[in-house]
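Dear colleague,

I am passing on the structure we spoke about, and would be glad if you could look through it alongside the notes below.

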Amino acid sequence: MSEKFLEVGKVVSVHALKGEVKIAPWCDSPDFICEFDYLYLDGKGQKTINIESSRVFKNMVIAKFDGYNTVEDAQHLRDKILYISRDDVELEEGTYFIKDLIGVKVIDKETQKEYGVIKDVFQTGANDVYTIKNDQKEYLIPAIPDVVFSTDIENKIMLITPMEGLFDDEI
């Protein structure tokens with residue numbers, strides 16, 4: 001079962017004098033955080049924090065939260081992890097949260113050979129790259145339609161058609 005609340009960033013400092021904070025985004029783009037009206041201060045959704053305003057500045061998010069009107073108020077948020085509810089996000093088809101991809105088994109669509117599991121995802125700009133790890137080795141595969149045939153997050157299985165040379169050292 002997928003976790004309902006996902007980490008989206010961390011408050012790294014206070015910004016200016018009116019209670020704004022600077023957030024280091026842990027998502028594809030800082031603009032993503034600015035789409036929300038509220039965030040959560042815990043991974044259980046028990047503490048909601050309403051966003052009064054937010055904007056992107058130098059790849060960070062500057063946000064003003066309701067009830068935090070001074071530097072002293074905002075200082076209480078420093079080093080806090082911010083969360084979103086996956087119920088508040090509608091992902092495009094074929095798009096997944098990185099957290100959901102970690103641990104997915106990667107299997108050859110034709111031969112059913114298991115290459116390993118996804119251990120990490122690198123965002124390169126052009127396309128993501130998956131780190132696949134098995135007992136002996138680590139591989140990097142591009143997350144492109146020519147390679148990734150299907151992804152079943154529920155059953156933790158990804159079917160791929162490996163590019164020539166990708167797994168040449170496999171026995």
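**What was found**

N59 lies in the loop between β4 and β5, and please keep in mind, for this residue and for everything that follows, that the model is predicted. The phi of N59 is near 65 degrees, a positive value in a residue other than glycine, and at 56% relative accessibility N59 counts as exposed, because the cut-off for that class is over 50%. K58 lies in the loop between β4 and β5 as well, and has a positive phi of about 50 degrees although it is not a glycine; with a relative accessibility of 69%, K58 also counts as exposed. As background to both residues, most residues other than glycine have a negative phi.

Turning to the sheet, six strands form an open arrangement in the order β10-β9-β8-β7-β12-β11, with mixed pairing. The edges are taken by β10 (138-142) and β11 (148-152), each of which has a single partner strand, so that one side of each is left without a neighbour in the sheet. From one strand to the next, the twist averages 35 degrees.

Within this sheet, β8 (residues 114-123) and β9 (residues 128-133) run antiparallel and are joined by six bridges, with Q123 standing opposite D128 in β9. On the β10 side, β9 and β10 pair in the antiparallel sense over five bridges, and these two strands form a hairpin with four residues between them; Y130 has I141 in β10 as its bridge partner.

The largest nonpolar core has 23 residues, of which V21, I23, L39, F65, L77, L82 and I84 touch the most other members. Two or more residues of this core come from each of β1, β2 (20-25), α1 (30-34), β4 (48-57), β5 (60-65) and β6, and the largest share, four residues, is that of β1.

Finally, the largest pocket has a volume of about 1,000 Å³, and of the 35 residues that line it, D28, T95, Y96, F97 and I98 are the closest to its centre. The elements β1 (5-15), β6 (81-85), α3 (98-101), β8, β9 and β11 each supply at least two residues of the lining, which by class has 21 nonpolar, seven polar and seven charged residues.

With best wishes

Definitions and conventions:
Residues numbered from 1 in each chain as written. Predicted model: local features only at pLDDT ≥ 70, side-chain atom pairs only at ≥ 80, totals over all residues. Heavy atoms only, no water. Pairing = 2+ DSSP bridges. Axes fitted to C-alpha atoms, helices over the stretch in contact; angles between N-to-C directions. 1 Å grid on protein atoms, 1.4 Å probe; cavity = no way out; pocket = protein on both sides within 12 Å on 5 of 7 lines; lining within 4 Å. Points joined across faces, edges and corners; volume = space filled by probe spheres on them. Nonpolar A, V, L, I, M, F, W, Y, C, P; charged D, E, K, R; others polar. Core = buried A, V, L, I, M, F, W, Y, C linked by side-chain atoms within 4.5 Å. Buried < 20%, exposed > 50% of the residue type's maximum accessible area, 1.4 Å probe, protein only.
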